[in-house]
Amino acid sequence: MIHSKSTDLYSKIYLFSIIIFLYLPILVMILMSFNSSKFYQLPIDWTFDWYVELAGNKKLLKAGMNSLIIAFVSTIISTVLGTCAAYAFFRFDFRGKRILQILLLPPITIPWLIIGTSMLIFFFWVGIGRGIFPMILGHVALSIPYVVIVVSARMKSFDIALEESARSLGATPLQAFFKVTLPWIFPGFFAAGLFAFAVSLDQFVISYFLATPGERTLPVEIYTAIRKGFTPEINAISTIIILVSMSILLVVSRYHRFNR
Amino acid sequence: MKSILGSMSIRSLIMSLIMIISSVIIHAAEVRVLNWQGYGTDEKWAVEAFTNKTGIEVVHDYFNSEQEMLTKLRTTPGYYDVVLINSAFTGQAQSEGLISAVDSSKIENFNDLSPGMGGNPNLVMNGKVYGVAWVWGVTSFAVDSTRFSNIPDSIEVLWDKKYAGKVSVRDDAVEAVQLTAIALGQDINNPSDLNAIKNKLMSLKSQVRTYWSSEDEWNQFFSADEFDLATYWSGSASRSKTAFKLPVEFVIPKEGAIGWLDGLSVATNAPNSSGAHKFIDWMIDPDFYVKWDTEVGAPASANAKANSMLPSSAFNRAVLGNPQKVSKVQFMGPMDDKIREEMLEIWQEVKASQ
Amino acid sequence: MIKSGINTVKGPLSLTAPTYLWLAFTVFLPLSAMFFFSFLNDAPFGNKDVSFSLENYEAIWNKQFYQILLLKSFRLGLEVTLLCFVIGFPCALILAKNIKGHWREAIFVLIILPFWSNALVRIFSWTMVLRGNGIIEVMLNWIFPGYGDFSFMFTYQAILIGLVHSYLPYMILTCYVSIQAIDDSILEAARVLGAGRFMILFKLIIPLSLPGIAAGSVLIFIPVVGSFMEPRILGGREGTFIGTIIEDQFTRVFNWPLGAALSFLMLFIILMIIILSNSLSKRLR
């Protein structure tokens, strides 16, 4: 790319404005969480009230707990299942492999609205209904493709010869996998797990259709609050979520280089 | 693997997880209420008083439309205890098996209900009470009193070009169609010319800035100056004025308004039926009602005794109690399924039009 | 790839079976169920009589407004994708080529960070920025006293802003990955041979980063077509799209068969678009 002083300056200004654009609503929300006006009116009247209210808001706290439980369980399941599949694709060559790989696309390429409503229909019909268990079913299905993609990318750098030599030294396939392959791909495994966790935590559409009044996740509770009317505690809890998840990502990025 | 996943730590992790989960699942006796948000049953002081007296906790879920209320009942059977159902829909809920009969002997205040309301044929079917008459009011429109030197007296002001882009309408098919029917002088439960209604609604659309779907939204948009006038409910207007101190004036125009009677029902297979009856009893109690109307703002009570305990200047006594003012009010009643479906379609078409 | 002899079938089968069984139960079977549902005349719960009928598809065919809404939603998808490309591609380009080292990674993380905030709350925050007596109006009145009313809320543009804001990082990410893979020496060679800046951009950089652009476009276009949260919260009277109508069928109107029919139709059109664009890109190559 051709560099000149002026294009350099303009490009930096452009980048800077994009970043401001991306962060504007987040900053507003954080500010509003300290505003005592019930209808989000300016000027800001500083207060910690909403955070205090939040501590006593059982609904939101329960929803937060549900979100964490679902994210935790579905992350474990999808990471294990996805890694197995990624390993199979990498290790073996078999008929129908291409088709199986294509079949991983629907959860990502079909609008979640359609996946969510079809799950609702099917689970109702089959008698599973809605609730935390169906939500876990759904979240795992959505995360698996991402896990496969991330783990596969990491596997590309793995030399299969290492596993083969372990086998030739007498290790069973299982031992070879756990002692040689897994430690090597662990960064990818871990990153996939984090990804799956994030996908589940932020997942709204599917959880929306599969939630029952007593069993909701946090995004669903927030949407209900926005639609039905609620006090600005949602700003408070959202601020907390943003700050927590951003810090997690910052910590992760220290240990995992995105730029090779 | 890392030491953090050692067997000892796994066990303690699982134990604490189980404890957290169980504390979330196990709860004290509770009664689950399905209602509009901010509509009396979830008033903090009222719920606290109830819990202190009976030891039962109150848990709420909300809806934004009668249609949504019915869908929630259909898709979550055996979950709710108390449901607020507009008397126009009680019959439908009953025929679908969504609600069960209320044992009026368990409700002390039941005999204080005004006879016309307590025994309303929409609520009492086959000699059984399916909905306990609770409150009634009217749907019309409210204006920002700072924007109007003279409070309008005709519903046509919603179509007044002077306020183009400063009107808001509730996103509900039945309500929109029925208000238009009133403007055109038709029967709201059996409109004679749906086509004329559709055309009038189309011309209303260009006046509308946005739709509102909850009272909280109404108040938010009002405070943000998004509209000067909007369709609204009498009880809610009173609440916006009294509790939130907003300059809201409710208008019953000369063409009339939509009247409604809300009843409290018990859902089929309610987990806590006795608790449900106790809660309903508390809701129609004058002690609850008078405080609700005077301090927060509410529709008119179906309990004649409660109503008579209000100060004479209260809107619910002065205006709604005045037969002349409410002479043109048409009350909502059960509708033919076909007509309701047509109303839904008209509204969808109006909303989707460019 | 090494075939492991006797284990050729057993290995991959046992490893992939759990995944695909899970997907079958949660994605493929439900989609078939939805397809089946769209041919019923009423939701088969409670004590209703249901029968097969084409009435849902008939309704969609006859009522013009369903078709208008489908078009409107696809148009929205196109516009958002285009905007994300126009805004995001230069961003990715600058990041990949102009910024060096240390800073590059920091800014990259900075751009991905908003991803991790809850999408709903971000949209809701936009209402506070855009509404009457919101942040922008207050600031404008402060800079230009007497500016008066500014309200972007409840307009098509507000929906665009909300959606572009949500999906921009996708485009920046995918384009960045592609652009980064372009060897600097190719660009240097072109420059030495006398190619102007724009020529390098249009004839080299963009074609070489096409996979990234395509991936970003797919990741943005498809969810936007089916979106309902943003239109509902930001759109006001302009906020009716096929996504909101489908959501209505399931949560308010309780006409699940009609919702299923609309969903399936949308799915069908999306698949057609994907297949078409796939074959188109193959031809261009």
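Two strands count as paired here if DSSP finds at least two bridges between them, and a strand is a DSSP run of E with at least two residues, numbered from the N terminus. With that in hand, take strand β12 of chain B, residues 258-267. The model is predicted, so local features need pLDDT of at least 70 and side-chain atom pairs count only at pLDDT 80 or more, while totals for chains, interfaces and linings use all residues. Residues are numbered from 1 along each chain as its sequence is written, and chains are lettered from A and ligands numbered from 1 in the order in which they are written.

**Burial**
- β12(B) is mostly covered, with 10 of its 10 residues buried (20 or more other C-beta atoms within 10 Å of a residue's own, with C-beta atoms placed from the backbone).
- On one side sit I258(B), W260(B), D262(B), L264(B) and V266(B), on the other G259(B), L261(B), G263(B), S265(B) and A267(B), and they are all buried.

**Antiparallel partners**
- β7(B), residues 132-144, runs antiparallel to β12(B) over 7 bridges, and T139(B) stands opposite I258(B).
- β3(B), residues 82-86, is joined to β12(B) by 5 bridges, again antiparallel; here I85(B) has G263(B) as its bridge partner.
- β4(B), residues 99-100, makes 2 bridges to β12(B), also antiparallel, and S100(B) is partnered with V266(B).

**Parallel partner**
- β14(B), residues 330-331, pairs with β12(B) in the parallel sense over 2 bridges.
- I258(B) turns up here too, with Q330(B) as its bridge partner in β14(B).

Definitions and conventions: Buried ≥ 20, exposed ≤ 12 C-beta atoms within 10 Å, placed from the backbone. Helix = DSSP H or I, 4+ residues; strand = E, 2+ residues; numbered from the N terminus.
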